[in-house]
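Subject: Structure for you to look at

Hello,

I am handing over the structure below. My notes follow it.

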Amino acid sequence: MTAPGTGPVAPYGGSDGPDGSDGFDGSDATGRWLRGGAPWPVLAAASLVYALSVWQEASAGRLGVDNAVVVRAARTLLAGGSPYADKRFLYPPGAVFAAVPETLLTDRGVSYVAPAATALLVLVSVVTALRIFGVRADSRLAALMVAGLGVFLPLRSVVHLANWTVFSALAFPAALLLARRGRWGAAGVVVGVAIALKPILLPLLLLFVLARRWRALAWAVGVPAVVSLAAAWAMPRPGLFFTRTLPFLLHGQDAYARPYDAAWPSVLPRLGIPPSLASLLAVGAAVTVLAFARLRWRRGGEQGLRLVECAALLMLAAFLVSRPSFLHYAMVVVPALVASVVVRGAAMRSVWCWLPLVPQVTGVNWPELQSAERHAFKDFVMFTGVTAALCAAVWRARPRPAPEVTVSGGTYSLCSDPGPRDHLGTR
């Protein structure tokens, strides 16, 4: 019997309710402290650190250069040309039409509005990631996350470039929040819209496969397919995407972008490993990480933690092998992973998940790694280290068979099965 108002606690901190939510949030004393409300001076200080970081990037030159490429493509479309005539435009057709409202601004206006909007969208993604675990936006953890992002180089990168990765950074926790609440179809739509703008979240399709949510998978595949086909039909010479843009992407872009690529096939040859072997190692690493993602999903546990850790492994597997993998891609998975620290048993409770992020703290000089061309080595450490730490956490927490002891010729299991078994394992 259980006491009134209580019930059994499921393994790994929670069990799914009928609405897809968890009956138990998995918090311990540390989690409850992080969930608690932060004093307003702390919230103000965290916001100030974040704002000063954004302002510092806004004061730098060549602000919003990645977004400017998309705006230029939209202006080319309005002028009757093909956006894919510019080899630097690497986005799906739907992104061109999404950028049309920005053409109403001057170049100077776009260069300031886009980074500011990017910074705001990152804050929204943080709040969304916190909501996966029922954490308030004025909590101690929220303050720590906002202040931490202020000194996190991937944030500065995505804000400075106004890169459209920010839409994936927002869609990632939004989709997981909807999935946790049992709204898998809506999660599929969110992922599909993000893919239609920039296909970073393609690995997340495997999450729907693992969860056997086929209707949600259909939404996630169908939305970008329809949007891309409609947008391609409405623009001149869409075939340039296949003849010029796609080959440019598959070759890892060009010498200008390659030094910033942190994927294994790009970094390992710079360390002296033959390119063919580097590609083989990258594929092997990615397949291994995918196996760990499957293991993490089968392990179950607290639903929010299960979704975040499994989805993060799927994304990180792609970041290891796909070219390119840039610094700001970390903004897709890091906020949700950090938010998971409130749950007992989360991988982010381990110091090994945090150590690979240390080189990304701004203001710390690393010998021989400060130049833009060598920054990819730090990014390589970040992606590889966090992935390895997550895999190690999954391995340590894997289910183990219960030990058995033999008493008077009968075998007894040290688990919840009270019945004795004979030497053949049958009753």
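**Arg156 and helix H7**

Arg156 is buried, at a relative accessible area of 12%. Please keep in mind that this is a predicted model. The residue sits in helix H7, which spans residues 153-161 and is mostly covered. In that helix, 9 of 9 residues are buried: Leu153, Pro154, Leu155, Arg156, Ser157, Val158, Val159, His160 and Leu161.

What does Arg156 touch, leaving aside its neighbours within four places in sequence? Its contacts are Ser53, Gln56, Glu57, Gly150 and Thr362. Gly150 belongs to helix H6, which covers residues 140-150. Just after H7, Ala162 has a positive phi of about 55°.

His375 is located in helix H18, residues 375-396. With a relative accessible area of 15%, His375 falls under the 20% limit and is therefore buried.

**The chain as a whole**

The protein chain has 18 helices and 2 strands. Of its 427 residues, 51% count as buried. Its accessible surface comes to about 20100 Å², and carbon and sulfur atoms account for 67% of that. If we take the contacts between residues at least 6 apart in sequence, 74% of them join residues at least 24 apart.

**Cores**

The largest nonpolar core has 103 residues, and within this core Phe172, Leu201 and Val333 touch the most other members. Helix H15 (residues 303-321) contributes the largest share, 13 residues. There is also a second, separate core of 16 residues, with Tyr84, Phe89, Leu197 and Phe241 among them.

Not counting residues up to four places away in sequence, Phe172 touches Leu201, Leu204, Ala311, Ala312, Met315, Val332, Val333 and Ala336. Leu201 and Val333 in that list are the residues named with Phe172 for touching the most other members of the largest core.

**Cys310 and the end of H15**

Cys310 also lies in H15. Is Cys310 buried or exposed? Cys310 is buried, and its relative accessible area is 0%. With residues up to four places away in sequence set aside, Cys310 touches Leu207, Leu210, Ala293, Arg296 and Trp297. Phe292 is 18 residues from Cys310 in sequence, and the C-alpha to C-alpha distance between the two is 8.3 Å.

The loop between H15 and helix H16 (330-339) holds Pro324. The peptide bond that joins Arg323 and Pro324 is cis, with omega about 0°.

**How H5 and H6 pack**

Helix H5 (residues 107-132) and helix H6 (residues 140-150) have axes that come within 11 Å and cross at roughly 145°. The crossing of H5 past H6 is right-handed. On the H5 side, the contact is made by Val122, Leu123, Val126 and Leu130. On the H6 side, Leu141, Ala142, Met145, Val146 and Leu149 make the contact. Which kinds of residue, nonpolar, polar or charged, make up the contact of H5 with H6? The residues divide into 9 nonpolar, no polar and no charged.

Two loop residues may be worth a look in the backbone.

- Arg212 is not a glycine, yet its phi is positive, about 55°. Arg212 is in the loop between helix H10 (205-210) and helix H11 (214-233). Its relative accessibility is 63%, which is over the 50% limit, so Arg212 counts as exposed.
- Arg237, a residue other than glycine, also has a positive phi, near 50°. Arg237 is in the loop between H11 and helix H12 (240-250). Arg237 is exposed, with a relative accessible area of 56%.

Arg156, by contrast, is buried at 12%.

Regards

Notes. Residues numbered from 1 in each chain as written. Predicted model: local features only at pLDDT ≥ 70, side-chain atom pairs only at ≥ 80, totals over all residues. Heavy atoms only, no water. Axes fitted to C-alpha atoms, helices over the stretch in contact; angles between N-to-C directions. Helix = DSSP H or I, 4+ residues; strand = E, 2+ residues; numbered from the N terminus. Left-handed = near helix turned anticlockwise from the far one by under 90°. Contact = heavy atoms within 4.5 Å. Nonpolar A, V, L, I, M, F, W, Y, C, P; charged D, E, K, R; others polar. Buried < 20%, exposed > 50% of the residue type's maximum accessible area, 1.4 Å probe, protein only. Core = buried A, V, L, I, M, F, W, Y, C linked by side-chain atoms within 4.5 Å. Areas by Shrake-Rupley, 256 points an atom, 1.4 Å probe, with all protein chains shown as cover.
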